[in-house]
Amino acid sequence: MNITLESIQLTATDLSAYSAWLSSSQELYSPTAPAKPIALFGWRDRWWLNNAPAEQVVLHYWFFESSDDAYTAADEGRLRLSARTISKFGGHESAYQPVPQDKVSLGDSLWNTGANWLFVRGTVVVLVTEIGGQVPVETTLEIARKILEKIDKVLQ
């Protein structure tokens with residue numbers, strides 16, 4: 001079965017525990033655009049939690065031809081997804097750093113910075129971000145897991 005946006009996209013019902021309100025949606029380019037791999041399709045939904053614009057969560061979904069393309073786009077796109085970097089020996093790296101599977105299990109590959117989660121599952125890349133520091137890490141992780149559950153359901 002093919003994964004579609006509609007089959008994995010969270011809805012107000014999925015986010016009812018957070019009194020979520022969809023404030024905007026729009027199509028997106030690939031996280032590596034204009035470089036390859038280019039997403040077949042990308043989408044972003046911006047939600048206000050607890051009916052408060054200060055508690056924003058943004059859900060990004062990108063679809064690729066192959067799981068290799070999805071992983072490459074996520075890994076190489078990390079630098080473009082946040083202006084923040086961290087100092088590492090020899091220079092700077094993306095603030096999105098790999099998370100070991102034994103620490104947090106979310107998809108096939110996972111990167112994290114603060115309350116923001118970037119993961120790959122099959123041919124899909126998902127980014128769950130919060131804006132403004134008002135949404136706890138636990139909340140964004142739970143939302144990311146809801147998306148993963150939907151993806152896994154489609155893949156079964």
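This is a predicted model: local features need pLDDT of at least 70, side-chain atom pairs count only at pLDDT 80 or more; totals for chains, interfaces and linings use all residues.
**A walk through the sheet, its helices and its pocket**

Hi everyone. Ala-17 is exposed, with a relative accessible area of 67%.

Now look across to Asn-50: 33 residues separate it from Ala-17 in sequence, yet their C-alpha atoms are 8.8 Å apart in space.

While we're in that loop, have a look at Ser-19, which also lies between α1 (5–8) and β1. Its phi is near 45°, a positive value in a residue other than glycine. Ser-19 counts as partly exposed, at 35% relative accessibility. There is another residue of this kind at Asn-51, where phi is positive at about 55° although the residue is not a glycine. Asn-51 belongs to the loop between β2 and β3, and at 57% relative accessibility it counts as exposed.

One more loop before we move on, the one between β1 and β2. Pro-34 lies there, and a cis peptide bond joins it to Ala-33, with omega at about 5°. Pro-37 lies in the loop between β1 and β2 as well. The bond from Lys-36 to Pro-37 is also a cis peptide bond, and here omega is near 0°.

Now to the sheet. In what order do its strands come? This is an open sheet of seven strands, and reading across it we get β1-β2-β3-β9-β8-β7-β6, with antiparallel pairing. At the edges stand β1 (21–27) and β6 (97–98), each with a single partner strand, so one side of each has no neighbour in the sheet. As a reminder for anyone new to sheets, strands pair through backbone hydrogen bonds, either parallel or antiparallel.

β1 and β2 are joined by six bridges in the antiparallel sense; if you'd like a pair to look for, Leu-22 has Trp-47 in β2 as its bridge partner. Next, strand β2 (residues 41–48) runs antiparallel to β3, with eight bridges between them. Here you can look for Phe-41, whose bridge partner in β3 is Phe-63. Then β3 pairs with β9, again antiparallel and again over eight bridges. In that pairing, Leu-59 has Val-128 in β9 as its bridge partner.

Let's stay with β3 for a moment. How many of its residues are buried? Eight of the eight are, so this strand is largely enclosed by the rest of the structure. Its side chains point two ways: Gln-56, Val-58, His-60 and Trp-62 go one way, while Val-57, Leu-59, Tyr-61 and Phe-63 go the other, and all of them are buried.

What about the helices? α2 lies across β3, β6, β7 (109–113), β8 (116–121) and β9, and it runs at about 160° to β8. α3 packs on the sheet too, touching β3, β8 and β9, and its direction makes about 15° with that of β8.

Is Ala-144 buried or exposed? It is buried, with a relative accessible area of 0%. Setting aside neighbours within four places in sequence, Ala-144 is in contact with Leu-106, Trp-117, Phe-119 and Val-128. You'll remember Val-128 as the bridge partner of Leu-59. Ala-144 and Val-128 are 16 residues apart in sequence, and from C-alpha to C-alpha they are 6.2 Å apart in space.

Last stop, the largest pocket. About 230 Å³ of space lies in it. Which elements give two or more residues to its lining? They are β3 (56–63), α2 (67–81) and β9 (124–131). There are 15 lining residues, and those nearest the centre of the pocket are His-60, Arg-80, Leu-81, Ser-82 and Leu-127. By kind, the lining residues divide into eight nonpolar, five polar and two charged.

Terms used
Residues are numbered from 1 along each chain as its sequence is written. Side-chain values use heavy atoms; hydrogens and water are left out. On a 1 Å grid over the protein atoms alone, a cavity is a set of points where a 1.4 Å probe fits but cannot get out, and a pocket is an open set with protein on both sides within 12 Å along at least five of seven lines; lining residues have an atom within 4 Å of a point. Grid points are joined across faces, edges and corners, and a volume is the space filled by probe spheres set on the points. Helices (H or I, at least four residues) and strands (E, at least two) are DSSP runs, numbered from the N terminus. Ala, Val, Leu, Ile, Met, Phe, Trp, Tyr, Cys and Pro count as nonpolar, Asp, Glu, Lys and Arg as charged, and the others, Gly among them, as polar. Buried means under 20% relative accessible area, exposed over 50%, partly exposed in between (1.4 Å probe, protein chains only). Contact means heavy atoms within 4.5 Å. Two strands pair if DSSP finds at least two bridges between them. Axes are lines fitted to C-alpha atoms, for helices over the stretch in contact, and angles run from 0 to 180 degrees between N-to-C directions.
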